[in-house]
Each structure stands twice: as C-alpha cells, then as structure tokens.
Amino acid sequence: MSTPSTTTTSSASAPLGLGSVLVGSLPSALMTADAPARYTVEAVFTRRPQREEIVEILGDETRQTLVREGYPTVELTVSDRRLEIANTTLEELRDGLGCVLAERLAAISDHAHERRDAAARRDEKTAESERERAAAVVALAASVSFGAGANAAG
C-alpha cells in the first residue's frame with residue numbers, strides 16, 4: 001500500500017516541464033494561406049502537475065512574467081496533463097516563448113519542492129516532539145511505585 005504513495009511522491013518531486021506539442025490539436029490549416037495568425041498550442045507536461053503548481057501556472061506571477069518577456073496576449077490553461085497555450089504560434093514558441101515557459105515551470109517546480117520539504121521538516125519536528133513526550137510519559141509512569149513505604153516526592 002505504501003508503494004503508490006512513494007511513486008506519487010517521487011513523481012511529484014521530479015521537475016515539472018513540457019515534453020512535446022500535441023500535433024493533432026493544431027489547426028489543420030497551418031502553413032497554408034488560410035492559416036490563423038495566432039492559435040492555441042497544446043503541450044504535454046512531463047508529469048501531472050500538483051494542485052499548488054497549477055495555481056502558480058495560472059497565477060499573477062506567471063502572467064507578469066509573460067508580459068515582461070514580451071508575450072502579453074498569451075494565455076495559459078491547464079487541462080489534465082496538458083498546458084494549453086492560447087494566442088501564440090509554433091514559431092513564437094520555438095523562438096523564445098518555449099524557454100520562458102520552461103524557466104517559469106522550473107521555478108514553480110522548485111517552489112513547490114521547497115514547500116513540500118519545509119512541510120516534511122515541520123512534520124518530522126512535530127513527530128519527534130510527540131516521541132519525546134510519549135517517552136517522558138512512560139518514564140513518569142515507570143517512576144510510580146505502589147509498594148508499602150514508598151516515599152512521596154517532596
């Protein structure tokens with residue numbers, strides 16, 4: 001039973017990135033006279049993003065990064081294991097947007113990993129305090145004597 005949680009944990013600790021473009025989701029008119037100027041490109045995540053990562057992908061800091069890097073019209077949506085990148089082109093992704101997204105996902109992944117590590121340290125500290133408390137209770141209980149003539153601690 002612990003195997004699935006271990007697999008999930010190790011998978012979640014792997015850096016979040018993008019693997020490939022879903023070619024089948026691209027407009028069929030690409031590279032023709034009828035091709036749209038901008039469209040949505042779907043890219044596959046390297047692993048399923050965690051809830052906290054999705055919040056950051058869709059959050060203000062990501063939006064500000066896109067604007068700062070010169071992509072103010074690009075919009076991101078997360079759909080299962082896909083990042084939908086709206087109002088872009090394959091050329092724009094190739095020529096820089098792909099790197100901006102990769103760097104942002106790496107930063108998001110690092111932040112999530114740091115938060116998980118901090119939570120694990122807090123949990124371990126809490127567990128250690130509880131072990132110490134339980135040991136103190138056992139020691140105190142062991143000091144109790146019910147024998148005749150036992151002295152009361154004064």
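Contact here means heavy atoms within 4.5 Å. The model is predicted, so that local features need pLDDT of at least 70 and side-chain atom pairs count only at pLDDT 80 or more, while totals for chains, interfaces and linings use all residues. Residues are numbered from 1 along each chain as its sequence is written, and side-chain values use heavy atoms, with hydrogens and water left out.

**Exercise 1. Determine which residues E42 touches, and whether E42 is buried or exposed.**

Step 1. E42 lies in strand β2 (residues 39-45); strands (E, at least two residues) and helices (H or I, at least four) are DSSP runs, numbered from the N terminus.

Step 2. Beyond four places in sequence, E42 touches S20, V21, L22, S25, R82, L83 and E84.

Step 3. With a relative accessibility of 16%, E42 counts as buried (buried: under 20% relative accessible area; exposed: over 50%; partly exposed in between; 1.4 Å probe, protein chains only).

Step 4. The side chains of E42 and R82 form a polar contact at 2.9 Å. Such a contact is a pair of N or O atoms within 3.5 Å; within protein, one must be able to donate a hydrogen and the other to accept it, and residues adjacent in sequence count only if both atoms are side-chain atoms.

**Exercise 2. Explain why the buried residues of helix α3 lie on the same side.**

Step 1. In α3 (residues 60-68), the residues T62, T65 and L66 are buried.

Step 2. These residues cover an arc of only 95 degrees around the axis, which puts them on the same side of α3; the arc is that of the directions from the helix axis to the C-beta atoms.

Step 3. D60 and R68, on the other side of α3, are exposed.

Step 4. The packing partners of the buried residues are α2 (51-57), β3 (75-79) and α4 (90-142).

**Exercise 3. Identify which element gives the most to the largest nonpolar core.**

Step 1. This core has 21 residues. A nonpolar core is a set of buried Ala, Val, Leu, Ile, Met, Phe, Trp, Tyr and Cys residues joined through side-chain atoms within 4.5 Å.

Step 2. At least two residues come from each of β2, β3, β4 and α4; α4 gives the most, with six.

Step 3. Among the residues with the most contacts inside the core are I57 and L66. Beyond four places in sequence, I57 is in contact with residues including L16, F45, L76 and L105.

**Exercise 4. State where confidence is lowest in the chain.**

Step 1. The chain averages a pLDDT of 87 (the predictor's confidence in each residue, from 0 to 100).

Step 2. Helix α1 (residues 2-13) is lowest, with a mean of 47, whereas strand β4 (residues 82-88) is highest, at 98.
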